[in-house]
Every structure is written in structure tokens, then in C-alpha cells.
Amino acid sequence: MSVSKPPPPPSTTHLTIPPSSTSTPSSTASTASSPSATPHSTGPPPPSPVKISMQEHFAINVCPGPILPIPQISDFFPRFHDYPCTPPPPREKKILKEETFNGETGVGYKDGERRLDNDGDREEAIDSDDDDTYLGTLEFTLLFDQENNCLHCTIHKAKGLKAMDSNGLADPYVKLHLLPGASKANKLRTKTLKNTLNPVWNETLMYHGITAADMTTKTLRLCVCDMDRLGRNEFIGEVRVALKKLKEGENKRYYMGLERIAQNKEANNQMVEQGTVVTEEERGRILVSLCYNTEKGCLLVGIIRCAHLAAMDSNGYSDPFVKIILQPDMGKKSKYKTSVKKKTLNPEFNEEFSYEVTLDQLAKKTLEISVWDYDLGMSNDFIGGVELGITANGQRLRHWFDCLKNKGKKVEYWHTLTQQGAPSGDKPD
């Protein structure tokens, strides 16, 4: 009796295509009636292999980093489905570098997550690459010279600035403002350095006419910007320093990280509380020297410079000049004018004028000083003025007394210009 061996199993190296469901009845019958059919052939056929169209094959998203698994690529092409399907969840990007929040350093967070402090008042959401970009650091030195009423600002260098141009570099410069009351009158800026993220300026900028009272109320704002010749200059970052923390004569060096927006609530409150003082200072200040020469019997009046003048022209500047009159009027010999300085709010004159008058007569007179904006073919605009004499008060009276008391000695004082200091009975010429 011979035993027939079963047929060998199919090789696993070949892919078998199951019979389609549209088989003819004859083929089905022949299969069922075949004596060599095994009991395993009566079960369900194996699933057909997944078919991917050429469009889907070329639409696979290839990106740097680890490839995220896709459960079913057809989810990205709903038109290939016969039934509605929900879109896949958005990809999550992981930030691996360290983040800094108000001086605190922590690990990175995923997009959309929020970091809360212990009180639950602060929430920081990371939504874009710009919010978590390191902006760089700025190194500078401040020195307050109270004797000359000057604030020296030395801008040394910056490191690791954010790239702003298409070449991966920037054209940085530093712009300075005094707050509150930032305007073109108190704006200073350094030179622009081309194609660098680590600029070295070593440039000293000076604010004239800064008093000890200003140091208690003012805040210095330093902005780093990128110069763009074809468009608008771009803001990189800023730092702010409260000047009340700077001691007189102290040469203090700062090394601060740039911030996107640095709010100073204390400075804003001071601007509201001392609104009258700020309004008066917006007219500007003038540095005047007085000296009575006993040998020649004359009063020497020096107009040295002005600072932070009010802008009177549409371009944001003025064309200032100074007029001085010794009252009561002595005719043409009592009126003098300085030269005109074009397009500036911080003019430097260094001009001196002489009045022949005895010391007894000088004690009864009043010196009127006014600053004007020159307009060609039109009436000149009055910027501000100040009166020095026996009828003045405060620092103006002290300046006059020091001149009469210290004969032969030049006495310099800064005075705040006011709108009430217009020359009496004088036409704006």
C-alpha cells in the first residue's frame, strides 16, 4: 500500500496574489471538486496588499530630523477615501535649547505648551521661532559729571546679535533715548557697522544739560537696530537703565542681555506724576555764562550751547538762533543775535557779547534771553526763553547774584527755557 506525500508548502520568497472575488463558477467548482484540495483552503483569503498611488508616493513629507511615523498615508488624501475621515493631528516640534524667562533658565518646551510660575500670573507661550531666539548682549559704560551737567555714555560692543539680513549677518547701530519724553531732541546714535553680529564701537555719546534732578527721574533706553538702505531699519533688541542707580562720578560698566520689549512701569508713573515738569523741559535748555569785567566796565554774556530744544519744523528739527536783550532798552547796543544753526535740536554756539554798563546800573537791569527757530521768508518761531535779573527767582536769581558778587569770574549755569520767557515788546525777526 503506497502513501501519497502532501505537496510541499509554497516558498515564502514569493508573493502570492489571492484569487479575485470575480472568479468564474467553473473555476470555483473545479477547485471544490479537486481531490487534492486541503481543508485549509476553505478559510478566508489573506488580505490584499496595500496599494499606494504614485501621487501619494511622491507626497511623502521628508524633513530634517527623525522621521515621524505615519499610520496611514492616505489620511492626507481624503479624496481617495469612500468614507469621511478626520485629518491627522499636527506635528509637534520640540525645542531642545534652553529658554530664558525674566532671568530664569529652564529646559525647552514643545510648541503650544505654556510655562506658569508659582502664582499662576505669568504665561509664556512659544508660538514661533522669533519668540525664543537669543537676541544678543550689549556692553556699555555710564558716567555722570555733575560739575559740567553731562552724562557720558560709552558704547563698547555687542555680542551674538540676531541675524537680520539674508546673508546671515546684520548692519547694527545703537540708538539712545532719555525717558520719559523721548524725542529727536534727546536721541543719540552710534555709527553703523557693516556685516557683523559682534560689532565693536568704542564710541562715547554725551548728553548735555543733565542735572542731579534728572538723574532721579530719567531712564536711559539703548536700542540696537539693523540698518536697511532699501527699507525701514529693523529693531533687534533694547535695554533700559534707571539713572537713579548711577552715583555721581561713578564710571559704571554694564553687560546686559537685549530684550524684545523692556517695560518700565516706574518711569511711566513718573511721567504722569510730574507732567508739568516734563512739559517745561520739552522747550529745551540753554547754557549761559556771565562775567562782569571791572577793568573794561562791561558785562560779558556767553551763549555756549542749547540742549533738547523743541522741534518746530516739519522734519522734526529746528534752525535755532539766540537773541539777547538788556532791559531797560538801551537802543541797538542792547540787542544781539547769534548765528543760525541748521537742522539741529542741540546747537553749539560758543559766542560772546559785551554790554558797556556800570556795576550799579547792572544791578537794576534784566537780561532777556530767547531762542528762536529761523524760517526763510516767514516769521520766526519762538521756542523758549529765560530772564536773568533782580526780579527773577530760583536758579536764575542765583546766577545773577553770583555774577555781581564774583567780579572778573566767569559763572556758567544751565537754565530751562519756558514759553513765558518771550522778549517783551519785541517782534519775531
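**Strand 13 and its surroundings in a predicted model**

Leu287 stands opposite Arg305 in strand 14, within a pairing of strand 13 and strand 14 that is antiparallel and spans 9 bridges; two strands count as paired if DSSP finds at least two bridges between them. This is a predicted model, in which local features need pLDDT of at least 70 and side-chain atom pairs count only at pLDDT 80 or more, while totals for chains, interfaces and linings use all residues. Residues are numbered from 1 along each chain as its sequence is written, and side-chain values use heavy atoms, with hydrogens and water left out. Helices (H or I, at least four residues) and strands (E, at least two) are DSSP runs, numbered from the N terminus.

**Arg305**

- Arg305, found in strand 14 (residues 298-307), is buried, with a relative accessible area of 14%.
- Its contacts (heavy atoms within 4.5 Å), not counting residues up to four places away in sequence, are with His208, Arg285, Ile286, Leu287, Pro347, Glu348, Phe349 and Trp414.
- With one of these residues, His208, the side chain of Arg305 makes a side-chain polar contact at 3.5 Å; such a contact is a pair of N or O atoms within 3.5 Å, where within protein one must be able to donate a hydrogen and the other to accept it, and residues adjacent in sequence count only if both atoms are side-chain atoms.

- An open sheet of 4 strands has the order 16-15-18-19 with antiparallel pairing. Strand 16 (335-337) and strand 19 (381-389) stand at its edges with a single partner strand each, so one side of each is left without a neighbour in the sheet.
- Strand 18 (residues 366-373) and strand 19 are joined by 8 bridges, and Val371 stands opposite Gly384 in strand 19.
- Helix 7 (residues 395-405) lies across strand 18 and strand 19 and runs at about 55° to strand 19, where axes are lines fitted to C-alpha atoms, for helices over the stretch in contact, and angles run from 0 to 180 degrees between N-to-C directions.
- The buried residues of helix 7 are Leu397, His399, Trp400, Asp402, Cys403 and Leu404, and their cover includes strand 13, strand 14, helix 6, strand 18, strand 19 and strand 20.
- Ala392 lies in the loop between strand 19 and helix 7 and touches Glu387 and Leu397, not counting residues up to four places away in sequence.

**Confidence**

- The protein chain has a mean pLDDT of 74, and 62% of its residues reach 70 or more; pLDDT is the predictor's confidence in each residue, from 0 to 100.
- Residues 262-281 have pLDDT below 50, yet this stretch has 21 contacts in the model beyond near neighbours in sequence.

Conventions. Buried < 20%, exposed > 50% of the residue type's maximum accessible area, 1.4 Å probe, protein only.
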